[in-house]
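Student: I am new to this structure and would like to go through some of its strands. Could we take them in turn?

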Amino acid sequence: MTGRSVSSAICAALFMTACASTTGGTGLGPSNHATSPGRATVPGEARSGDTAASAAITTTQQHGPINPCALLTKAEVDHAAGTKTGATVRARDTCTYPTPTTAKFGQLNVYVGLGAKKIYDVDRKVLKHHFVSVSGIGDQAHLEEDEIFFRVGSTWIAVQLARLDDVAKGPLLEDIARAAVGRL
């Protein structure tokens, strides 16, 4: 793996860990932690510490919260990963399609909302990664070596693809992004 792939994988792992810890460690999405005595959090509702922007950026006006695991089919993910991926792992606004331990390595991560935008901003502004603008995907799209970031309305989505073979990931990421945009 390149140094960039390793840093992306580490970033993804840290993000997944942080998301799992904010959801009670289940990795299954928002927990029903009480926001006040006797009152459970309603899925999609802002909790103490959440911002209005967080709620707005992960929803569409017509459909409510976006399920990152519903943006791609298993066949699309397996094709991009170059192997059959395992069961999806969801943590709030993130979906991971991991490689089973018995298969060759290929993993895909989907981030929706503020997390996707934050990864893009860090890669662009702090790490100074090289991006290529891609037309025809949402309202704007930017491709780098192992990731594609795109925006539809106010919703940002990031897709990270990790593979150990020498395949050109750009066309695979563009295809995945187009498929996801079609489902928003």
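Student: Which residue in β9 stands opposite S133?

Tutor: This is a predicted model. Strand β8 covers residues 132-133 and strand β9 covers residues 140-143, and the two pair in the antiparallel sense over two bridges. In this pairing, the residue opposite S133 is H142.

Student: How many residues lie between β8 and β9 in their hairpin, and which residue in the turn has a positive phi?

Tutor: The hairpin formed by β8 and β9 has six residues between its strands. The turn includes a residue with a positive phi of about 85°, and that residue is G136.

Student: What stands opposite Q140 in β10?

Tutor: A hairpin of three residues leads from β9 to β10. Strand β10, residues 147-152, pairs with β9 in the antiparallel sense over four bridges. Across from Q140, the β10 residue is R151.

Student: Is Q160 buried or exposed?

Tutor: Q160 belongs to strand β11, residues 155-163. Its relative accessible area is 4%. The cut-off for buried is under 20%, so Q160 counts as buried.

Student: Which side chain is joined to that of Q160 by a polar contact of 2.8 Å?

Tutor: The side chain of Q160 has a polar contact of 3.0 Å with that of Y111. Another polar contact, of 2.8 Å, joins the Q160 side chain to that of E147.

Technical notes: Residues are numbered from 1 along each chain as its sequence is written. This is a predicted model: local features need pLDDT of at least 70, side-chain atom pairs count only at pLDDT 80 or more; totals for chains, interfaces and linings use all residues. Side-chain values use heavy atoms; hydrogens and water are left out. Buried means under 20% relative accessible area, exposed over 50%, partly exposed in between (1.4 Å probe, protein chains only). A polar contact is a pair of N or O atoms within 3.5 Å; within protein, one must be able to donate a hydrogen and the other to accept it, and residues adjacent in sequence count only if both atoms are side-chain atoms. Two strands pair if DSSP finds at least two bridges between them.
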